Amino acid sequence: MDRWGLTLPLPNLPLRDHAELARRAEAAGYTDLWSGETAGPDGFTPLALCATWTDRARLGTGVVGVFTRGPALLAQQAAAMADASGGRFVLGIGASSDRIVEGWNRMAFDKPLTKMEETVEFLQAAFAGERTSTGFKLEQPPAEPPPIVLAALRGKMLRLAVEKAAGAFTNFLPLTALPQVAGQLEGAPSGFELLCRFFCLPGERSEVEPLARFMFASYITVPVYEAFFRWLGYGDRIDEMVAAWKAKDRETAVAAAPWEVIEDTFIFGRPEEMRERLEAFVTGGITLPILTPITTPDRLGEMIEALAPPG
C-alpha cells in the first residue's frame with residue numbers, strides 16, 4: 001500500500017489526549033492523518049497539534065467548507081498549516097451540505113460547483129504569492145503551494161477535481177458503486193488521488209447493526225448524500241428510509257435502511273476481515289483509504305494498530 005490514513009479527531013477522545021495515539025499511528029505505518037469537520041472540532045486545530053506530535057505523516061483537512069469560511073481566511077489557515085508542518089499539509093475543501101451551511105450556519109447554499117471552482121482559483125493564486133481577484137495577497141506564501149483536494153461525490157464535482165485539483169475526496173461509498181465514481185476520473189493527471197473515508201466498526205452484524213443503521217440513515221437523508229445515492233442508482237432502496245426520516249419517524253427510517261447497502265459501505269468484522277475489505281477498495285481505485293475507527297477510547301490504540309497498513 002502506498003498511503004494509509006487515519007481520521008482525526010478520534011471518536012469520544014479529547015484533543016489533548018491524542019498525542020500518544022497520533023505517534024502510535026505514525027509508528028504503525030499510517031502515512032496520513034486527515035481531520036474531519038462536522039459538529040466536533042474544526043478541521044485545522046487537530047492538524048496543528050499533530051504537526052508538533054508527528055514527524056513524517058502527511059496532514060490533510062478532510063474537509064473544510066468553502067461556504068463557512070471566506071477564501072482569504074482559507075488561504076491564511078492553509079499557509080499557516082503548510083508552514084507549521086514543514087510542508088506536510090494538504091488542503092481538502094468541500095461545499096459541505098445544505099444542512100450544515102444553511103441549517104446550522106444560516107448561510108446561503110447557492111451554486112456549490114461555482115463556489116468551489118472560484119475558491120480553487122483564488123487559493124491557487126494566493127499560494128503562488130499573487131494578488132487575488134479581491135485584492136488579497138498573502139504576506140508569506142507557502143514555500144511550496146499545498147496540494148488542493150476537492151470533496152466530490154457526483155459527476156460534475158468529480159470532473160472539476162480532475163481539471164483543477166490534485167485529488168478527489170469521496171465518502172460513504174459502497175464497494176459496488178466504486179467503478180461509477182472512478183469512471184468519472186478519466187483523463188486525470190499522473191499522481192491524482194482518490195481518497196475515501198471509511199467507518200470501521202469492529203464486530204459481527206449483531207454487534208454493529210444498530211449503530212450502522214442509524215449512521216447510514218442520518219447521513220444518507222442529508223440532501224447532498226441522498227442525491228449521491230440516487231445518482232449511484234440506489235434510489236428505490238432508500239425511498240422508504242428517506243420518507244420516514246422526513247416525516248421525523250426515526251425508528252421507521254432506521255429499520256428501513258437497506259442492510260445490503262450498509263454492509264457494502266461500512267467496514268465490519270475482525271481486523272483481518274476489515275483489512276481485506278479495505279484492500280478491495282484500494283484494488284478498485286481508492287488511492288488513500290482514511291479510516292475512522294468506531295470504538296471506545298480505551299480500545300482506540302489497539303484498533304489503530306490492528307488496522308495498520310499491511311507490510
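**Notebook: salt bridges**

I looked up arginine 24 first.

On the source: I am working with a predicted model, where local features need pLDDT of at least 70, side-chain atom pairs count only at pLDDT 80 or more, and totals for chains, interfaces and linings use all residues. Residues are numbered from 1 along each chain as its sequence is written, and side-chain values use heavy atoms, with hydrogens and water left out.

Next, the partner of arginine 24. I found a salt bridge (side-chain nitrogen of Lys or Arg within 4 Å of a carboxyl oxygen of Asp or Glu) to glutamate 305. Their closest N and O atoms are 3.0 Å apart. Glutamate 305 sits in helix H14 (residues 300–306) and arginine 24 in helix H1 (residues 19–28), so the pair ties together parts 281 residues apart in sequence. Helices here are DSSP runs (H or I, at least four residues), numbered from the N terminus. Glutamate 305 is partly exposed, at 39%.

I then checked helix H9 (residues 223–231), which holds both glutamate 226 and arginine 230, four residues apart, about one turn. They form a salt bridge, with closest N and O atoms 3.1 Å apart. Glutamate 226 is buried at 13%; arginine 230 is partly exposed at 33%.

Glutamate 273 and arginine 270 also meet in a salt bridge, 3.1 Å from N to O. I read 28% for glutamate 273 and 42% for arginine 270.

Last, a network: salt bridges link Arg3, Asp32, Arg58 and Glu193. I noted 17 salt bridges in the structure.

Methods. Helices (H or I, at least four residues) and strands (E, at least two) are DSSP runs, numbered from the N terminus. Buried means under 20% relative accessible area, exposed over 50%, partly exposed in between (1.4 Å probe, protein chains only).
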